[in-house]
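Student: I have a model open and want to go through its contacts and surface. Can you take my questions one at a time?

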Amino acid sequence: MIREPAQVTIDASGQVQIPLGILAEAGLDTGSAVLAYSDGDGRIVLRRLTDAIDDLLHGEEL
């Protein structure tokens, strides 16, 4: 089941809290290592670090 998007706010220190339900839906748990990068204007991507490394080793694009 895909949840509705959740509105979050960037705080004064530049941090964002992502609801646990969204992380769980993406297969991520607390303590998971993720890679964060910009994917264009207004777009940020979080990837499981191990998935990103596997893609690099196999010549796939992030």
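Student: Which residue does D39 form a salt bridge with?
Tutor: D39 pairs with R43, and the closest N and O atoms are 3.2 Å apart. A salt bridge here is a side-chain nitrogen of Lys or Arg within 4 Å of a carboxyl oxygen of Asp or Glu. This is a predicted model, so local features need pLDDT of at least 70 and side-chain atom pairs count only at pLDDT 80 or more, while totals for chains, interfaces and linings use all residues. Residues are numbered from 1 along each chain as its sequence is written, and side-chain values use heavy atoms, with hydrogens and water left out.

Student: How many salt bridges by that rule?
Tutor: The count is three. R48 and D51 meet at 2.7 Å, N to O, and D55 and R47 at 2.8 Å.

Student: Are D55 and R47 buried or exposed?
Tutor: Both D55 and R47 are buried, where buried means under 20% relative accessible area, exposed over 50%, and partly exposed in between (1.4 Å probe, protein chains only).

Student: Which element gives the most to the lining?
Tutor: β2, with five residues.

Student: What classes are in the lining?
Tutor: There are 14 nonpolar, three polar and seven charged residues.

Student: Now the surface. Which residues make the nonpolar patch?
Tutor: V8, I10, V16, I18, I22, V34, I44 and L46, with an area of about 660 Å². Patch residues have over 30% relative accessible area and no salt bridge, and nonpolar side chains (Val, Leu, Ile, Met, Phe, Trp, Tyr) are joined within 5 Å.

Student: Where does V16 sit?
Tutor: V16 is in the segment before α1 (20-25). V16 counts as partly exposed because its relative accessibility is 37%.

Student: What about A12, buried or exposed?
Tutor: A12 is exposed, because its relative accessibility is 90%. The C-alpha atoms of A12 and I22 are separated by 23 Å, the two residues being ten apart along the chain.

Note on methods: Patches are made of residues with over 30% relative accessible area and no salt bridge: like charges are joined within 9 Å, nonpolar side chains (Val, Leu, Ile, Met, Phe, Trp, Tyr) within 5 Å. Accessible areas come from the Shrake-Rupley method with a 1.4 Å probe; for residues, only the protein chains shown count as cover. Helices (H or I, at least four residues) and strands (E, at least two) are DSSP runs, numbered from the N terminus. Ala, Val, Leu, Ile, Met, Phe, Trp, Tyr, Cys and Pro count as nonpolar, Asp, Glu, Lys and Arg as charged, and the others, Gly among them, as polar.
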